[in-house]
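Dear colleague,

Please find the structure below, followed by an account of what was found in it.

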Amino acid sequence: MTQRRITLLAGGVGGAKAAEGLMHSRYGQHATVIGNTGDDDRFHGLWVSPDLDTLVYSLADHIDRQRGWGRQHESYQTLNELKAYGEDSWMTLGDLDFATHIYRTNQLNQGKSLTQVTRSICRRFDISMPVLPATNDVVQTRIRFNNQWHSFQEYFVQHRCQPEIEAIDYQGIRQARITPEAEAAISRSDIILLAPSNPVVSLNVILAIPGVMDAIRNSQAYVLAISPFIGGKTVKGPADKMMHLLNASSDSQGVASVYQGLIDGLVIDKQDKDDALALRQQGLDVCVMPTLMSSLDDKIRVIEDALDSALAWSTQKEAC
Ligand code: GDP
Ligand code: CA
């Protein structure tokens with residue numbers, strides 16, 4: 001076990017793989033995860049936080065491993081009943097999952113913050129590593145296609161990421177504020193790790209919340225990102241169709257350009273090793289390794305190797 005304090009910024013599926021690797025690694029004891037809440041929305045009157053739930057269900061080993069989201073051993077009686085009433089049922093919420101959303105909504109309605117509710121949900125699942133939203137304020141990713149603005153889940157789930165995206169917006173971001181808990185975690189970090197999450201709709205939402213970038217800049221932390229692209233392709237999800245919205249390519253170069261000025265180092269996949277030289281010439285520390293995380297061992301190996309490298313590089317810098 002090491003005493004170094006690590007903060008992981010994470011979205012859903014790619015974020016949860018990194019979070020699992022972190023929690024089970026020798027860095028897990030002093031680690032915190034900050035999750036994306038830009039995908040949050042109301043369904044059937046209930047507040048759903050898909051990325052926070054993916055993180056928690058994964059860390060608790062209650063996730064449906066095949067899909068990478070939702071609960072294991074899930075059933076859909078409630079959703080089918082709602083469908084019979086003529087309600088929309090394209091957002092697949094299972095019976096077990098519904099309990100989380102009922103609990104969250106009830107607690108929020110009683111005046112609890114999303115940070116407090118997420119802490120209670122973690123406690124119910126025996127997760128001791130803190131999982132924090134970056135903000136308690138509502139920030140929602142909106143996506144314009146077919147000349148109209150839509151919610152993120154309409155694009156992602158209802159339309160299966162098929163429509164061509166015209167524009168993207170993080171609604172509510174200007175009025176939002178980082179939570180004291182997220183700010184404290186970032187401020188005292190030795191290493192801030194950006195998970196191999198979607199840069200456009202997962203990590204950029206966290207980074208754009210007022211106070212987050214200031215907290216990172218004011219910290220002494222070494223900032224390392226893991227690229228979500230392998231051989232110029234996503235492992236899962238639409239990140240490759242979105243990078244152009246940030247004027248970036250869907251590869252490790254694009255990731256470096258999106259996080260330019262923020263990261264000190266970048267982990268890229270072995271398949272992209274030819275990018276290393278150019279990235280190093282841009283002043284980045286570059287670590288090349290197999291980054292596909294399938295088993296728990298893969299997840300631990302990627303995270304420990306990434307953090308070991310970050311630690312070595314940050315020590316070198318201190319010595320200079
Ligand atoms: P979402 O919120 O569920 O879309 O998940 P994230 O934003 O956290 O992560 C999506 C990204 O994770 C995609 O761009 C994938 O390419 C990336 N990803 C998923 N699994 C892996 C993996 O094993 N290795 C790497 N390097 N990237 C991964
Ligand atoms: Ca997400």
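In which loop is proline 130 found? Proline 130 sits in the loop between H5 and strand E5 (131-133); helices (H or I, at least four residues) and strands (E, at least two) are DSSP runs, numbered from the N terminus.

Before the details, a note on conventions. Residues are numbered from 1 along each chain as its sequence is written, while chains are lettered from A and ligands numbered from 1 in the order in which they are written. This is a predicted model, in which local features need pLDDT of at least 70, side-chain atom pairs count only at pLDDT 80 or more, and totals for chains, interfaces and linings use all residues; side-chain values use heavy atoms, with hydrogens and water left out.

At 36% relative accessibility, proline 130 counts as partly exposed. The terms are these: buried means under 20% relative accessible area, exposed over 50%, and partly exposed in between (1.4 Å probe, protein chains only). Leaving aside neighbours within four places in sequence, proline 130 is in contact with Ala31, Thr32 and Val33, where contact means heavy atoms within 4.5 Å. Proline 130 and alanine 239 are 109 residues apart along the chain, and their C-alpha atoms are separated by 27 Å.

Isoleucine 173 belongs to the loop between strand E8 (167-171) and helix H7 (180-187). Its relative accessible area is 13%, so isoleucine 173 is buried. Apart from neighbours within four places in sequence, isoleucine 173 is in contact with Val139, Val205, Ala208, Ile209 and Pro210. Valine 286 lies 113 residues from isoleucine 173 along the chain, with 32 Å between the two C-alpha atoms.

Threonine 291 lies in the loop between strand E14 (285-289) and helix H12 (296-319). With 5% relative accessibility, threonine 291 counts as buried. Not counting residues up to four places away in sequence, threonine 291 touches Ile226, Ile230, Val267, Ile268, Asp269 and Val302.

Exposed positions and positive phi values

The loop between H2 and H3 holds glutamine 66 and also histidine 73. Glutamine 66 is exposed, with a relative accessible area of 77%. Its C-alpha atom is 27 Å from that of arginine 26, a residue 40 places away in sequence. Histidine 73 likewise counts as exposed, at 72% relative accessibility.

Most residues other than glycine have a negative phi. Histidine 73, however, has a phi near 50 degrees, a positive value in a residue other than glycine. Asparagine 247, also a residue other than glycine, has a positive phi near 55 degrees. Asparagine 247 is found in the loop between strand E12 (233-234) and helix H10 (252-258), and at 74% relative accessibility it counts as exposed.

The calcium site

The calcium ion (ligand 2) is coordinated by Asp39 (OD), Asp51 (OD) and Asp51 (OD), at 2.0 to 2.5 Å. Aspartate 39 lies in the loop between strand E2 (31-35) and E3, and aspartate 51 in helix H2, so the pair ties together parts that are 12 residues apart in sequence. Donors are N, O and S atoms within 2.8 Å of the metal (3.2 Å for Na, K and Ca); water is not among the atoms, so sites may look incomplete.

Helices

The axes of helix H1 (residues 13-23) and helix H2 (residues 50-59) come within 9 Å and cross at roughly 35 degrees. Axes are lines fitted to C-alpha atoms, for helices over the stretch in contact, and angles run from 0 to 180 degrees between N-to-C directions. On the H1 side, Val13, Gly15, Ala16, Ala19, Glu20 and Met23 meet Thr54, Leu55, Ser58 and Leu59 of H2.

Helix H4 (residues 95-109) has 15 residues, which at 1.5 Å a residue should span 21 Å; its end C-alpha atoms are 21 Å apart, which agrees. The expected span is 1.5 Å times one less than the number of residues. Buried residues in H4 are Asp95, Asp97, Phe98, Thr100, His101, Arg104, Thr105 and Gln107. Their cover includes strand E3 (41-43), strand E4 (46-48), H2, helix H3 (77-84) and helix H5 (114-124). Just after H4, glycine 111 takes a positive phi of about 100 degrees.

In helix H5 one finds threonine 115, which counts as buried at 0% relative accessibility.

With kind regards
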